[in-house]
Amino acid sequence: MRHILSILLENEAGALSRVVGLFSARGYNIDSLTVSTTEDATLSRMTIVTHGSDDVIEQITKQLNKLIEVVKVIDLNESEHIERELMLIKVRATGKDREEMKRMADIFRGRIIDVTEKTYTLELTGTSDKLNAFIEAVDRTVILETVRTGASGIGRGERILKI
Amino acid sequence: MQISGAEIVVRSLREEGVEFVFGYPGGAVLEIYDAIFKQDAFKHVLVRHEQAAVHAADAYSRSSDKVGVALVTSGPGATNALTGIATAYLDSIPLVVLSGQVGTPAIGLDAFQEVDMVGMSRPCVKHNFLVKDISELASTIKKAFYIAKTGRPGPVVVDIPKDVQQTLSEFHYPDSVNIRSYTPVTRGHPGQIKKAVSLLAEAKRPFIYVGGGAVLGNAADEVRELVRSLGLPCTNTLMGLGAYPGTDPQFVGMLGMHGTYEANMAMQNCDVLIAIGARFDDRVISVPSKFTAVPKKIVHIDVDPSSIAKRVKVDIPIVGDVKLVLREMLEVLKATGAKPNAEALAAWWRQIDAWRAPNSLRYEQSSEIIKPQYVVETLFEVTGGNAIITSDVGQHQMWAAQYYKFDRPKQWLNSGGLGTMGVGLPYAMGAQLANPDAQVACITGEASIQMNIQELSTCHQYHIPVKLVNLNNRYLGMVRQWQEIFYGNRYSESYMDALPDFVKLAEAYGHVGFKVEKPSDVEPVLREAFGPKLKERLVFLDFLTDQSENVFPMVGNGKGLDEMDLPPHMREAQATESDRDYGNLC
């Protein structure tokens, strides 16, 4: 099953490689990983999307907690949460495709952020599923390039991950 | 006053009360070696290979309550240290390894003797540091010792670039460490402890399974009190030997792949299992599904949450320091007067005694050829069971574990997790330096001993009078045993020809050597080696042993704990007992 893990860790050189090394050494999956500093410059916040049985997810959580630089780990799946991913997608926009792409962008609440005679670059945010759905919805042959950030997640309501 | 980074290293080690540093100099640590030259707070032991430095420091930790320290140079010094670091990591041994690194401006430029030590050691350390800023050097060393010895212990590497060693700075060694992201649990959850006690009180077939965590956590007294006060049967893992006394009648022997029949049968058939600082690893319970085929309730006490529910689901996990958890359990037991039903326990003991009766460690004695088991048994007699024993890896390691009865923790040093051949001699060195008055013997084989034989030179330089008991069967014995059982007697590359004359070799290094070929010579030669005349000397005893001897009992590949291959005298009884297939051995 797909899980989103939120990790608060020390913003130190090498901390990221410890997390990534743990996943590869123990044969866990990383579907996506995003990381950046927080409002507190000494801390990084990481979101890892992974999948595995409950036993595997339990081990992943425990092993992450064991890393000295990891401050806290939560499995966002354990309660209500919000997930967002950003995708930049460059598509061919010529002839009838030009109007069609604009319509599709509107339907998915995307924005056209760069325009040339032959291309549009679109910005879309949403759940990973929504971005997948966009890719499914447009004609594959018009897609020139996609860049995705991987999912970021946060608990709903007053649930927070903080020191 | 400002001092150099190298001097800060030396002063920090002094603050930590370090007695010995095991190491080998080289370009990137010359500054530190120069600072060592100018001090006398600790002694440096010059090994002959960096791997041995780490093993010796590891043994120093294993056989004492202190933290061993190794010092190596960058590049090959660092990579040579890795096997030693991984060995300590797999057995959770506290250790601080200081490695030199090329100067910070040269990092990443493929400089001479540059390797990414932090990157290379990452998967086999508890934590590691690259110190780029002189202001963080002392506090990093403080953190390294703290991390190494707290929680589930482990090795910590501190990589120190040469320019940092040269930079001048004020020295201030912190009194305490506060790492917000690292707060190991100490006390167990009281509710869980109460539940564990009531479970134990309801048990009909209780069993205590004690691992290396009880040794590392200094919980032997508590284990003994628990086992004795309730009259329970107890087993130790390979790493736990000595946590419960090996000569005690309530001890049913080591369990696992080469455990006793009674220990494995009790482990398989118990109804309540208390696991103390043990991790249900593959060499202990073999296949998890076969182990859980007989339903049992499991209490698992461990300081590391990730050890719990890793291979086997448990009913009552208790995360905490084993010593503190056991103390609390004992208090609850005392307060409530809870104990297992006496009749059920007596019946359980009758069953265990029936399993014990045929003596699964019995072997055929010979007057012609030396049996390896006999050497270990005689060593036990001759040393009065008091020696610190180290071993290498293979058949001799298992015989040492089976036939030397360890009565106290930290008396038995071996590479249980990583299974590193070549640890025996450097382990003996580290143990002897940590315990100068103890008798230290290394039980080894002719293959393992050659993996760090150069340390005979170190032993000569520092007058380390360890005794080497070489069970020489001219084979990579455990490999040969597996080839006999699982590979149709095809002994691929497991016979070792062209062995050195170990007696002459020992003499060449300035030591004493004996070759022993007759069973009747085993005892007198051991008595001489451990006698007063040779007390100050390293003695290399080369016993030519039976080449065909196998280690029994044995839980083969994919078998359950109750499907052991048994020694010859038990096979007939076993065959009539059931129609099970016992593999190629019958």
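Author: UniProt positions are given here in the numbering used for this model, feature names are shortened, and annotations may be inferred rather than shown by experiment. With that in mind, the unreviewed UniProt entry places the feature "domain: ACT" at residues 4–78 of chain A. Residues are numbered from 1 along each chain as its sequence is written, while chains are lettered from A and ligands numbered from 1 in the order in which they are written. This is a predicted model, in which local features need pLDDT of at least 70 and side-chain atom pairs count only at pLDDT 80 or more, whereas totals for chains, interfaces and linings use all residues.

Over residues 4–78, chain A is 32% helix and 37% strand; helices (H or I, at least four residues) and strands (E, at least two) are DSSP runs, numbered from the N terminus. The end C-alpha atoms of that stretch are 9 Å apart.

Take its strands next. Strand S1 of chain A covers residues 2–10 and pairs with strand S3, residues 43–51, in the antiparallel sense over nine bridges; strands pair if DSSP finds at least two bridges between them. One such bridge puts A:Leu43 of S3(A) across from A:Glu10. S1(A) is also joined by five bridges to strand S4 of chain A, residues 70–75, and these two run antiparallel. There A:Ile74 of S4(A) stands opposite A:Ser6. In general, strands of a sheet pair through backbone hydrogen bonds, either parallel or antiparallel.

The rest of chain A gives the setting. Chain A has four helices and nine strands, which follow the pattern β-α-β-β-α-β-β-α-β-β-α-β-β along the sequence. Its C-alpha trace spans about 55 × 35 × 30 Å along the principal axes. Of the 163 residues in chain A, 25% are buried. A residue is buried if 20 or more other C-beta atoms lie within 10 Å of its own, exposed if 12 or fewer, and partly exposed in between, with C-beta atoms placed from the backbone. Two residues are in contact if those C-beta atoms lie within 7 Å; of the contacts in chain A between residues at least 6 apart in sequence, 72% join residues at least 24 apart.

One loop of chain A, between helix H3 (96–107) and strand S6 (111–115), holds A:Arg109. Phi of A:Arg109 is near 55°, a positive value in a residue other than glycine. A:Arg109 counts as exposed because 10 other C-beta atoms lie within 10 Å.

Chain A also touches chain B: 16 residues of chain A are in contact with 13 residues of chain B. On the chain B side, the touching residues divide into seven nonpolar, three polar and three charged. Here Ala, Val, Leu, Ile, Met, Phe, Trp, Tyr, Cys and Pro count as nonpolar, Asp, Glu, Lys and Arg as charged, and the others, Gly among them, as polar.

The largest nonpolar core has 202 residues, and B:Ala53, B:Ile85, B:Val96, B:Val223 and B:Ile276 have the most contacts inside it. Such a core is a set of buried Ala, Val, Leu, Ile, Met, Phe, Trp, Tyr and Cys residues joined through C-beta atoms within 7 Å. A second, separate core has 12 residues, including A:Met87, A:Ile89, A:Val91 and A:Leu124.

S19(B) meets strand S20, residues 539–544, over five bridges in the parallel sense, and the bridge partner of B:Lys515 in S20(B) is B:Asp542.

Finally, confidence. The model scores ipTM 0.93 and pTM 0.96. Mean pLDDT, the predictor's confidence in each residue from 0 to 100, is 96 for chain B, and 98% of its residues reach 70 or more. Over residues 579–586 of chain B, however, pLDDT stays under 50. Where pLDDT is low, the predicted coordinates should not be read in detail.
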